[in-house]
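The following note sets out numbered points on the model shown below. Please read each point alongside the coordinates.

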Amino acid sequence: MGNSLDVLVVESRGPGSGKGTQCEKIVAKYGFTHLSTGDLLRNEVQSGSERGKQLTAIMELVLNLLTEAIINTVTTAKGYLIDGYPRELAQGLAFEEKVAECSVILNFDVTPEVMTARLLHRAKTSGRADDNEETIKKRLQTFQTHSKPVIDHFQSKCLTVSSHWTAVQVYDGEFTLVSCT
C-alpha cells in the first residue's frame with residue numbers, strides 16, 4: 001500500500017458523539033468509501049467464519065480488515081472515511097506505517113452527558129446489547145483512557161467539531177471547512 005490514498009479518519013470524544021451520522025453525510029457529499037471498524041468486526045463475528053471466531057476472543061485483526069477493505073476498493077474509492085479507528089495510539093501509528101498517512105482526523109467534541117443521552121435514545125431501536133447505562137459508562141471511561149492519547153498525538157491533523165447540536169447543524173456548520181475534493 002502506498003501513501004497516496006486520500007484517507008480521512010474519524011475519531012471522536014466517545015461513543016454517541018455522532019460520528020456515524022456525520023460519516024453518512026460526508027459519504028453522500030464526497031463519495032468516500034465508509035469503513036466502520038465496528039461494523040467490520042460485528043459482521044465478521046456474525047458470519048461465523050474462523051476469523052470471526054478469533055475476533056470474538058481477540059480484536060487485533062482490525063488493521064488487516066481495514067487494509068483488505070481498502071485494497072478491495074482502491075480502484076473505485078474517492079477516499080476513505082474510517083469510522084472508529086484507531087482506538088489506541090499504537091493502532092494509529094501502525095496504520096500510518098503499514099497502510100497510509102491519514103489526511104485529517106475529525107474529532108467530534110461532545111460532553112459525556114450528551115453522549116449518554118444519545119446512546120440511551122438509540123437503545124430504544126438499535127437492538128445493540130451495549131446501549132445500556134452501565135455499559136455506556138464503561139465505554140466512556142475506556143474511550144477517555146485509550147482514545148484521548150490518539151487525539152493528543154495527532155493534534156496537528158485534527159479538525160475538532162463541536163457536536164452538541166443536531167446532526168444537520170453539525171454537518172452544515174462544520175464540514176464546509178473540510179475540502180475533500
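1. Helices (H or I, at least four residues) and strands (E, at least two) are taken as DSSP runs, numbered from the N terminus. The expected span of a helix is 1.5 Å times one less than its number of residues. Helix 4, with twelve residues, extends 17 Å from its first C-alpha to its last, close to the 16 Å expected at 1.5 Å a residue.

2. On provenance: this is a predicted model, in which local features need pLDDT of at least 70 and side-chain atom pairs count only at pLDDT 80 or more, whereas totals for chains, interfaces and linings use all residues. Residues are numbered from 1 along each chain as its sequence is written, and side-chain values use heavy atoms, with hydrogens and water left out.

3. Overall composition. The chain contains nine helices and five strands, and their order along the sequence is β-α-β-α-α-α-β-α-β-α-α-α-β-α. A contact here means heavy atoms within 4.5 Å. Among contacts between residues at least 6 apart in sequence, 78% join residues at least 24 apart.

4. Accessible areas come from the Shrake-Rupley method with a 1.4 Å probe; for residues, only the protein chains shown count as cover. The accessible surface of the chain is about 9,700 Å², and carbon and sulfur atoms account for 52% of that surface. A residue is called buried under 20% relative accessible area, exposed over 50%, and partly exposed in between (1.4 Å probe, protein chains only). Of the 181 residues in the chain, 41% are buried.

5. Nonpolar cores. A nonpolar core is a set of buried Ala, Val, Leu, Ile, Met, Phe, Trp, Tyr and Cys residues joined through side-chain atoms within 4.5 Å. The largest one has 16 residues, and Tyr85 and Phe95 have the most contacts inside it. Helix 4 and strand 3 are the elements that give two or more residues to this core; the largest share, six residues, comes from helix 4. Apart from this core lies another, of eight residues, including Tyr30, Phe32, Leu81 and Leu106. As general background, nonpolar side chains tend to be buried together in soluble globular proteins.

6. The buried residues of helix 4 are Val62, Leu63, Leu65, Leu66, Thr67, Ala69 and Ile70. Alanine 100, in the loop between helix 5 and strand 4 (104-109), is buried, with a relative accessible area of 0%.

7. Aromatic pairs. Rings of Phe, Tyr and Trp (its six-membered ring) pair if their centres lie within 6.5 Å; planes under 30 degrees apart count as stacked, over 60 as edge-to-face and the rest as tilted. The search of the whole structure finds two such pairs. In one of them, tyrosine 30 and phenylalanine 32, the ring centres are 6.3 Å apart and the planes are at 50°, so the pair is tilted. Both tyrosine 30 and phenylalanine 32 are buried. For tyrosine 85 and phenylalanine 95, the centres are 6.2 Å apart and the planes are at 65°, so this pair is edge-to-face. Tyrosine 85 belongs to the loop between strand 3 (80-83) and helix 5 (89-98), and phenylalanine 95 to helix 5, so the pair ties together parts that are ten residues apart in sequence. Tyrosine 85 and phenylalanine 95 are both buried.

8. Salt bridges across the chain. A salt bridge is a side-chain nitrogen of Lys or Arg within 4 Å of a carboxyl oxygen of Asp or Glu, and the count by this rule is six. One of them joins arginine 51 and glutamate 68 (3.2 Å, N to O). This pair links distant parts of the chain, as arginine 51 is in helix 3 (residues 50-57) and glutamate 68 in helix 4 (residues 62-73), 17 residues apart. Arginine 51 is partly exposed at 26% relative accessibility, and glutamate 68 is partly exposed at 37%.

9. Glutamate 96 and lysine 157 form a salt bridge with their closest N and O atoms 2.5 Å apart. Both glutamate 96 and lysine 157 are buried. By contrast, glutamate 134 and lysine 138, whose closest N and O atoms are 3.4 Å apart in their salt bridge, are both exposed. They lie in helix 7 (residues 133-146), four residues apart, about one turn of the helix.
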